[in-house]
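Dear colleague,

I am handing over the structure below, and I would be glad if you could look through it alongside the notes that follow.

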Amino acid sequence: MSTEQHDADAYGQELAAISHHQHEATAARFTVFQALAAAGIGHEQADDIVVKLEAGAVAGAHTWISESSPPHKSEPRFEDGWFAGVRDVASYLLRIADTTAHAGRGRAASSAMLVAHLQQPASPAPAAPAATAADEPAPAPALVPPLEAKDVLAAAERFPWAVAAPGTRHWPDGSDFLEAALSAVGDEERAGYIERLAVFVEEHRARLEELLRTHGPGSRPASHGRYALVGQPETLVILERMEAAPFLLRGRWEEELETVFLDDLEFAWGPRIRLSR
């Protein structure tokens, strides 16, 4: 096996592991929001509690990195390089902790919307003849709520201040990009995802307007053929996933699409976790 192939396999394993942790964190956050709501904690306070926990986790990683040491009896030049790298990584982790401490607004409200949606009573089914115990079928597995791309796209189109006019967009049909982004939406998020997207867009309105102005169709950066996704309605989903599940999004994206489009968008948006290489 070549070195490049080994590196690619190792990176794929890292993405799989991180994806697992992302899903676990999403489920845990949902549970925490439910518990806080049951205890009478309001949305804003719940968001504040959760972001402090998440920022604290990043701060713990900062401490772990800062206290690491180079291998015993390393050469002085190696040690110098080691400590320089540690300082760079630690500084970046501090920035992530600071950003995390001020992010995440609206997630408790989104969680509440999801709970309300899941608790809606189902339409009554026609009565069926009583069956004997022997005739009782095994319980059917729980179905993953459908998430129709057309419904998500229609929701994104409701925010004209965040997307370019149809005639100026680079991609008349961005279904491939939307499909890649939606593949990074976990099963437990699908039922209330459209509401979650709406909360995300409203929360980041000023930032999205600035992104469209500085990098959208007609801007100087876009005139050079870059930042083609800025202004697309599908991009609202991509950005939401870039913040919520960045590792999973990139892993799914790299399976099907050219990463340059995602790299450009990541550079222009400046997410809290940057994965472009």
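Rings of Phe, Tyr and Trp, the last taken by its six-membered ring, are paired if their centres lie within 6.5 Å, with planes under 30 degrees apart counted as stacked and those over 60 as edge-to-face. Please keep in mind that this is a predicted model.

By this rule the count comes to five aromatic pairs. In one of them, the ring centres of Phe-177 and Trp-253 are 5.7 Å apart and the planes meet at 20 degrees, so the pair is stacked. It links distant parts of the chain, since Phe-177 belongs to helix 6 (residues 175-182) and Trp-253 to helix 10, 76 residues apart. Phe-177 counts as buried at 6% relative accessibility, and Trp-253 is buried as well, at 0%. Phe-177 also pairs with Phe-261, with centres 5.6 Å apart and planes at 75 degrees, so this pair is edge-to-face; here helix 6 is linked to helix 11, across 84 residues. Phe-261 is partly exposed, with a relative accessible area of 23%. Phe-177, Trp-253 and Phe-261 form one aromatic cluster.

Helix 11 (residues 259-269) has several buried residues, among them Leu-262, Leu-265 and Trp-269, and its buried residues pack against helices 7, 8, 9 and 10. The charged end of Arg-207 sits over the ring of Trp-269, 3.7 Å from its centre.

In helix 9 (residues 234-244) lies Glu-240, which is buried at 3% relative accessible area. Its side chain makes a polar contact of 2.7 Å with that of Arg-241, and Glu-240 touches residues including Tyr-193 and Phe-200.

Terms used: Residues are numbered from 1 along each chain as its sequence is written. This is a predicted model: local features need pLDDT of at least 70, side-chain atom pairs count only at pLDDT 80 or more; totals for chains, interfaces and linings use all residues. Side-chain values use heavy atoms; hydrogens and water are left out. Helices (H or I, at least four residues) and strands (E, at least two) are DSSP runs, numbered from the N terminus. Buried means under 20% relative accessible area, exposed over 50%, partly exposed in between (1.4 Å probe, protein chains only). A polar contact is a pair of N or O atoms within 3.5 Å; within protein, one must be able to donate a hydrogen and the other to accept it, and residues adjacent in sequence count only if both atoms are side-chain atoms. Contact means heavy atoms within 4.5 Å. A charge sits over a ring if NZ of Lys or CZ of Arg is within 6 Å of the ring centre and within 35 degrees of the ring normal. Lists of a residue's contacts leave out its neighbours within four places in sequence.
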